[in-house]
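Q: Hi! I'm new to this one, could you walk me through it?
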Amino acid sequence: MTLRICLCVILLLSTATGLPHLNSRSSIVGGEDAAPGKWPWMVYLRTTNGTNFQICGGSLINAQWVLTAAHCVHNFKLEKVVVGQLKLREPTGWEYPVHHVLIHPGYRGRNNGDWHNDIALVQLKKPVVTSKLVNPVDLPIHLDVFNTSSECWVTGWGNVAEDTPLGGKKTLQQLKLPLVDDNTCRKVYPSTTDKQLCAGYMQGGKDSCQGDSGGPLVCKSGKKFVQVGVVSFGEGCAQRDYPGVYTRVISYIEFIKDAIRNYN
């Protein structure tokens, strides 16, 4: 999956080492426009390396903390955090200043072509004002609640095909996609661990893509959605036999709890 690149789709990781087509994730392939308030935890992030900028997704996990991918903020300055955003060309969200960025201490980027511990937290300087358009997502409690039959969705403003940016008003895209069983995930991506999961269609055609990195993969539990994954990387976008790889959130619950407790 390709990084959530800037709106001009600059592939900031193109010079990284590793497998040539394994990219951090960006936009949604085969998705549809999201309705206002459908995903109230969705957060828009923009970062810069001093020369170029990139966009990433994130999720509001409480009133003052955002969950995202480590590769979105590693060696990049976080310029903008916006909640309640829907259409990038018709800004209606609320921007909040950043107080602290915490990257998982075990993060490793592009070792053997993969990312590991690809997770980070962003602390805002002040709590967001929650509403129908802005509200935190629930985090998982049990490891094995979700499976290949669960209803899961990924959201983002990334590319709609490899090297093809989201057009029009750049409305947030949503895509329903299945979880992939762990055995298949390990066969496709041998370097992944039980701290990662795969989601997508093995026949291809629908996937997260360039510009969706850091965004949430949520699955339905009863009447609510729970965030099970963070968009991380994959082999291109929507390619046959190559689902996307996501950081498994349940594996990092203690990291999240400790960070919030210590930094608050």
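Q: Let's start with Tyr44: is the residue buried or exposed?
A: Tyr44 is buried, at 8% relative accessible area (buried is under 20%, exposed over 50%, partly exposed in between, with a 1.4 Å probe and protein chains only). By the way, this is a predicted model, where local features need pLDDT of at least 70, side-chain atom pairs count only at pLDDT 80 or more, and totals for chains, interfaces and linings use all residues. Residues are numbered from 1 along each chain as its sequence is written, and side-chain values use heavy atoms, with hydrogens and water left out.
Q: Thanks! How many aromatic pairs does the structure hold?
A: There are nine aromatic pairs (ring centres of Phe, Tyr and Trp, its six-membered ring, within 6.5 Å; planes under 30 degrees apart are stacked, over 60 edge-to-face, the rest tilted).
Q: And why is the pair of Tyr44 and Trp157 edge-to-face?
A: Because the ring planes of Tyr44 and Trp157 stand at 90°, with the centres 5.7 Å apart.
Q: How buried is Trp157?
A: Trp157 has a relative accessible area of 3%, so Trp157 is buried.
Q: Switching topic, which residue lies over the face of Trp39?
A: That's Lys38, 5.2 Å from the ring centre (the rule: NZ of Lys or CZ of Arg within 6 Å of the ring centre and within 35 degrees of the ring normal). Lys206 lies over the face of Tyr201 too, at 5.8 Å from the ring centre.
Q: Which aromatic cluster includes Trp39?
A: One formed by Trp39, Trp41, Trp153 and Phe225.
Q: Last one: is Asp118 buried or exposed?
A: Asp118 is buried, with a relative accessible area of 1%.
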